[in-house]
Amino acid sequence: MMMTELATITKDELRSLLDRRAVTLVEILPEFRYRETHLPGAINIPPGEVRERAPALLPDKDAEIVVYCGGPT
């Protein structure tokens, strides 16, 4: 059964989450921004390509995924 829960977390909460268990990090920014800098281990799916690329890049429907993009720091 696929369960979807959406929540906003802080940088500290993300750091704690990554320390406790494996999650998939997905950066939703244009590729040039991903090349400039990204969180270690994150995969990039540009906003206009999510529908096309997500099924192949995120095949595990039960995986815990953290999606992030540029925003306030």
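A salt bridge is a side-chain nitrogen of Lys or Arg within 4 Å of a carboxyl oxygen of Asp or Glu. In this predicted model, the side chains of Glu 49 and Arg 53 form such a link, with an N to O distance of 3.1 Å. Glu 49 counts as partly exposed, at 29% relative accessibility, and Arg 53 is partly exposed too, with a relative accessible area of 30%.

The structure holds five salt bridges. One of them joins the side chains of Arg 21 and Glu 64 at 2.7 Å, N to O. Arg 21 sits in the loop between H1 and S1, and Glu 64 in the loop between helix H3 (50–57) and S3, so the pair ties together parts that are 43 residues apart in sequence. Arg 21 is partly exposed, at 38% relative accessibility, and so is Glu 64, whose relative accessible area is 34%. Another salt bridge, at 4.0 Å from N to O, brings together the side chains of Glu 36 and Arg 33. Both of these residues belong to helix H2 (residues 31–36), where they are three residues apart, about one turn of the helix. Glu 36 is exposed, with a relative accessible area of 56%, whereas Arg 33 is partly exposed at 35%.

Four bridges join S1 (residues 24–27) to S3, and Leu 25 stands opposite Val 66 in S3.

Leu 25 and Val 66 return in the largest nonpolar core, whose seven residues are Leu 14, Leu 17, Val 23, Leu 25, Ala 42, Val 66 and Tyr 68. Helix H1 (11–20) and strand S3 (65–68) are the elements that give two or more residues to this core. Apart from it lies another core, of five residues, including Val 26, Ile 28, Ile 45 and Ala 54. Tyr 68 touches residues such as Leu 25, Val 26, Ile 28 and Ala 42, not counting those up to four places away in sequence.

Notes. Residues are numbered from 1 along each chain as its sequence is written. This is a predicted model: local features need pLDDT of at least 70, side-chain atom pairs count only at pLDDT 80 or more; totals for chains, interfaces and linings use all residues. Side-chain values use heavy atoms; hydrogens and water are left out. A nonpolar core is a set of buried Ala, Val, Leu, Ile, Met, Phe, Trp, Tyr and Cys residues joined through side-chain atoms within 4.5 Å. Buried means under 20% relative accessible area, exposed over 50%, partly exposed in between (1.4 Å probe, protein chains only). Contact means heavy atoms within 4.5 Å. Two strands pair if DSSP finds at least two bridges between them.
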